[in-house]
Amino acid sequence: MAIEVKHLDHRYGEGTIFEQYALKNVTLTIADGEFIGLIGHTGSGKSTLTQHLNGLLKATSGDILYNGESIYAEGYSMKELRGRVGLVFQYPEHQLFETDVFTDVCFGPKNLGLSEEEIKRRAAEALALVGLDESFYKQSPFELSGGQKRRAAIAGVLAMKPEVLILDEPTAGLDPRGRDDILGLVARLHEEQGMTVILVSHSMEDVARYVSRLVVMNRGEKVFDGTPREVFRHYKQLEKMGLAAPQITYVVHALRERGIAIDEDIMTVEEARDAILALWRKNA
Amino acid sequence: MGIIKAVNLIFDYIRHDDEENKDEINHALRGVSLDIAEGSFVAVLGHNGSGKSTLAKLMNGILLPTEGTIYISNMSTSDEEHLWNVRKTAGMVFQNPDNQIIGNVVEEDVGFGPENMGVPTKEIWERVDESLEAVGMTAYRLQSPNKLSGGQKQRVAIAGVMAMKPRCIVLDEPTAMLDPNGRREVIRTVRELNRQEGITVLLITHYMEEVIDADRVVVMDGGHVVMDGTPKEVFSHVKELKQYSLDVPQVTELADELRAEGLALPEGILTIDELADSLAGILNGEKAWQSK
C-alpha cells in the first residue's frame with residue numbers, strides 16, 4: 001500500500017497548441033517491499049513518472065497517495081516525502097560536489113536537520129552498505145573510479161534512510177563489472193533492508209534477472225504491468241515500442257519454431273540451460 | 001604495414017605533488033603492439049582501467065607515448081611536424097555526445113572541422129552534404145543540435161569527423177550513454193561507413209553485441225593486449241573473457257554452458273539462429289534416431 005498512483009496526467013504547455021502529454025492516465029499501486037523494473041523507450045515518460053513519485057514534478061491532474069495520504073493535500077510535507085522516497089538520478093556522480101566522500105554523503109541527512117552524531121552515523125552506515133570502507137572517507141570524490149563514484153552518490157541518497165529507492169538507469173555507462181556491482185548492491189538493499197526498489201532500466205537482461213514485477217511505459221501511458229514472464233510474452237509489441245525481450249527469450253522462440261517443445265516463458269541463461277539439458281537427457 | 005601500427009607502446013599517467021616530484025605513477029599501457037589493416041573494422045574490448053581509452057587517445061596524438069611509437073599511415077604521432085596530418089588521418093568520436101557539439105545548427109557543426117583545416121568554402125559545403133548524407137542526417141541539417149536525440153547527436157559528431165575526410169575513425173565508447181535505439185543507429189552508421197566508404201574503424205566498447213560483426217576483436221587487460229582474433233575465435237574463450245570482467249553474448253554463454261554438460265555444439269556461437277540450428281540438430285536428430 002506504499003504508493004498509489006491514481007489517474008495521473010502530466011501535460012506540458014497546457015492550453016497552448018503545443019500541449020503534449022508526458023503522462024496520460026497512469027494508475028499504479030506499489031506495495032511495500034516490491035522490486036519493480038520500469039522500462040520504456042526514451043521519451044516514454046518513465047523518468048517523468050519517477051519524478052512525480054517524490055514530488056519533484058506536480059501532476060496536471062490525478063493523485064498520488066503515499067501510505068494512504070495524498071501528497072498533494074494541503075500541508076503535506078514534501079520535504080519529508082523526499083526523505084522517504086529517495087531518487088537516484090541518471091549519472092548521479094555528476095552531483096558529487098564536496099571535497100571528500102564522507103562530507104558529500106553527509107549532505108542529505110544534514111538537510112534533514114538531524115544531530116551531528118546521527119548524521120555521521122548514517123553516513124558511515126550508508127558508505128558501508130555501498131561497500132566503500134574508511135579508506136575512502138577522506139578521498140576526493142573526483143578521484144574515484146566511475147563505479148566507485150556512482151556508489152558514493154547512491155550512499156548520499158541511502159544516508160537519508162529512504163523507504164523507497166528509485167534508481168534511474170543506475171548502470172548507464174558502466175562496464176560489466178561496475179554494472180554487476182551496482183545491481184548486486186541494489187538487490188542486497190532490497191533483500192536485507194526490505195527497501196522498496198524501482199529500477200529504471202534499458203537492459204532487459206538486467207530486469208529479467210532481478211525484478212519481480214515489470215511496468216512498461218510507452219508515450220506517457222502504462223502499457224504492461226506484470227511479472228517479467230508475462231510482459232516478455234508480448235515481445236513483438238515491445239519491439240514496436242523500440243524495446244525488446246532478453247536475448248534468451250528469442251532463443252527459446254527460435255527453438256520452438258524449429259519444433260522443440262520448450263517453455264516459452266524462459267528468459268535467463270540458467271533457466272534455458274536447465275530446460276535444454278532436461279530435453280536432451282530425456283532423449284538420450 | 002597497416003594504417004595504424006603500434007610498436008611496444010608504453011604509457012604512464014604521472015601525478016606530481018606540490019614540489020613537482022613524481023607522486024604516483026599509473027602504468028596504463030605496458031607494451032602494446034598492434035598492426036591494423038586499412039579498411040578493417042576492429043573492436044577493442046576491455047573493462048574500465050584496462051588501457052583501451054588511453055590507446056585511443058594515443059592514436060591521434062591527444063596523448064603521446066611514454067615509450068614506444070605509434071604510426072598512423074607511416075607517420076609517428078611523436079613527430080610534431082606530422083601531428084596535423086595524423087589528426088587529419090585519424091578522426092576521433094568520444095563518449096558524451098553533448099561534449100563534442102559546438103555549432104548552433106547541425107550543418108555548421110559538421111563544417112567546423114574542414115573550416116579549421118582551411119578547406120575552401122565551396123568544398124566545405126560539399127563535404128557537409130556528403131557527410132550528413134553518409135550518416136543519414138540530411139533531414140536535420142538546419143536544426144539545432146539541442147533538439148536531437150543522443151543517437152542523432154552522435155551521428156552528427158561522426159559526420160563532423162567524416163567532413164575532415166579521415167582514412168580512419170577511432171570511436172571511444174560512442175554508445176555508452178545512449179539508449180538501445182540510439183546504440184543501434186550509431187553502430188549501423190559506423191558499419192556502413194566502413195563497408196561503403198572503406199574507412200578503417202576502431203571501435204572501443206564494452207557492449208558485446210556491437211563487436212560480433214567486427215573483422216577483428218582485440219581484448220585488453222591491465223595495459224596489455226591479451227586476446228586478438230576474429231569474433232568467433234575470441235568468443236570461443238568464454239571463461240577467459242569472464243576472467244577479464246567482460247560479458248559474452250547470452251547465446252554464447254548458453255552454448256558454452258551446454259557444451260560443458262556434454263552437448264556437441266560448435267565453439268564460438270554468436271547468433272540466435274546459429275544456436276537454434278545447432279540445438280535443433282541435436283535435439284530433433286536424436287529424437288529421430290530414437291524413434292527408429
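This note covers the salt bridges and cysteines of the model above.

1. Basis. This is a predicted model, in which local features need pLDDT of at least 70, side-chain atom pairs count only at pLDDT 80 or more, and totals for chains, interfaces and linings use all residues. Residues are numbered from 1 along each chain as its sequence is written, chains are lettered from A and ligands numbered from 1 in the order in which they are written, and side-chain values use heavy atoms, with hydrogens and water left out.

2. Salt-bridge count. Over all chains, the structure holds 39 salt bridges. The term requires a side-chain nitrogen of Lys or Arg within 4 Å of a carboxyl oxygen of Asp or Glu.

3. A contact between chains. B:D247 and A:R179 form a salt bridge, with the closest N and O atoms 2.7 Å apart. The pair joins two chains, because B:D247 lies in the loop between α8 (238–243) and α9 (250–260) of chain B and A:R179 in helix α6 (residues 176–193) of chain A. Helices (H or I, at least four residues) and strands (E, at least two) are DSSP runs, numbered from the N terminus. A:R179 is buried at 17% relative accessibility. B:D247 is partly exposed at 24% relative accessible area. The cut-offs: buried is under 20% relative accessible area, exposed is over 50%, and partly exposed lies in between (1.4 Å probe, protein chains only).

4. B:K165 with B:E130. These side chains meet in a salt bridge at 3.6 Å, N to O. The partners are 35 residues apart and link distant parts of the chain: B:K165 sits in the loop between α5 (150–162) and β7 (168–172) of chain B, B:E130 in helix α4 (residues 121–134) of chain B. B:K165 is partly exposed at 47% relative accessibility. B:E130 is also partly exposed, with a relative accessible area of 46%.

5. B:K232 with B:E274. Here the N to O distance of the salt bridge is 2.7 Å. Helix α7 (residues 231–235) of chain B carries B:K232, and helix α10 (residues 272–291) of chain B carries B:E274; the two residues are 42 residues apart, and the pair links distant parts of the chain. B:K232 is partly exposed, at 38% relative accessible area. B:E274 is partly exposed too, at 27% relative accessibility.

6. A network. In chain A, salt bridges link A:E118, A:R121, A:R122, A:E125 and A:K161 in a network.

7. Cysteines. The count of disulfides over all chains is zero. A disulfide here is a pair of cysteine sulfur atoms within 2.5 Å. A:C106 is buried, at 7% relative accessible area. B:C168 is buried as well, at 0% relative accessibility.
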